[in-house]
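Dear colleague,

Please find below the structure that I am handing over to you.

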Amino acid sequence: MEVTGQVKRVNREIYGDNKTKYQIILDTTEKQEYPKILALTFIGKSADKVVEHNLVAGTKVKIAFDVESREYNGKYYTDAKGYKIEVLGAKVAQVDTTRQLAPANDDLPF
């Protein structure tokens, strides 16, 4: 499956023998009335994709992921595990700090 959206936050967690797990909180609300937020997990080799793209809040991405469920004590738990990230457009809009000023010899009365 694939989903497109804007990164709200990237959480990093260390577990086990110094292994890294990333969770990307993705806002998929483009033209919808109600917000649709997804939490996608990247573990193992797929976690390197998060580091490779250096994702920050505001980045628009397309993420390929698998959904899997497991049973524990009669309850089912579902995970969305990402495996591919594609950055769409520019990462974050940078503000232009240079400003063009009017020439000093204009004849304006104010």
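Strand 4 and strand 5 (residues 75-87) run antiparallel and are joined by 12 bridges; strands here are DSSP E runs of at least two residues, helices are H or I runs of at least four, and both are numbered from the N terminus. Two strands count as paired if DSSP finds at least two bridges between them. This is a predicted model, in which local features need pLDDT of at least 70 and side-chain atom pairs pLDDT 80 or more, while totals for chains, interfaces and linings use all residues. Residues are numbered from 1 along each chain as its sequence is written, and side-chain values use heavy atoms, without hydrogens and water.

Within this pairing, Phe-65 has Gly-82 of strand 5 as its bridge partner. The hairpin of the two strands has two residues between them, and Asn-73 takes a positive phi near 55° there. Strand 4 (residues 60-72) also pairs with strand 1 (residues 2-15), in the antiparallel sense over five bridges; Val-3 stands opposite Ile-63 of strand 4.

Ile-85 is in contact (heavy atoms within 4.5 Å) with residues including Ile-24, Phe-42, Val-61, Ile-63 and His-53, neighbours within four places in sequence being left aside.

His-53 lies in helix 1 (residues 47-53). His-53 counts as buried because its relative accessibility is 18%, the limit for buried being under 20% (1.4 Å probe, protein chains only). The His-53 side chain reaches the backbone oxygen of Ile-85 at 3.2 Å.

With kind regards

Note on methods. Buried < 20%, exposed > 50% of the residue type's maximum accessible area, 1.4 Å probe, protein only. Polar contact = N/O pair within 3.5 Å; in protein donor to acceptor, adjacent residues only side chain to side chain.
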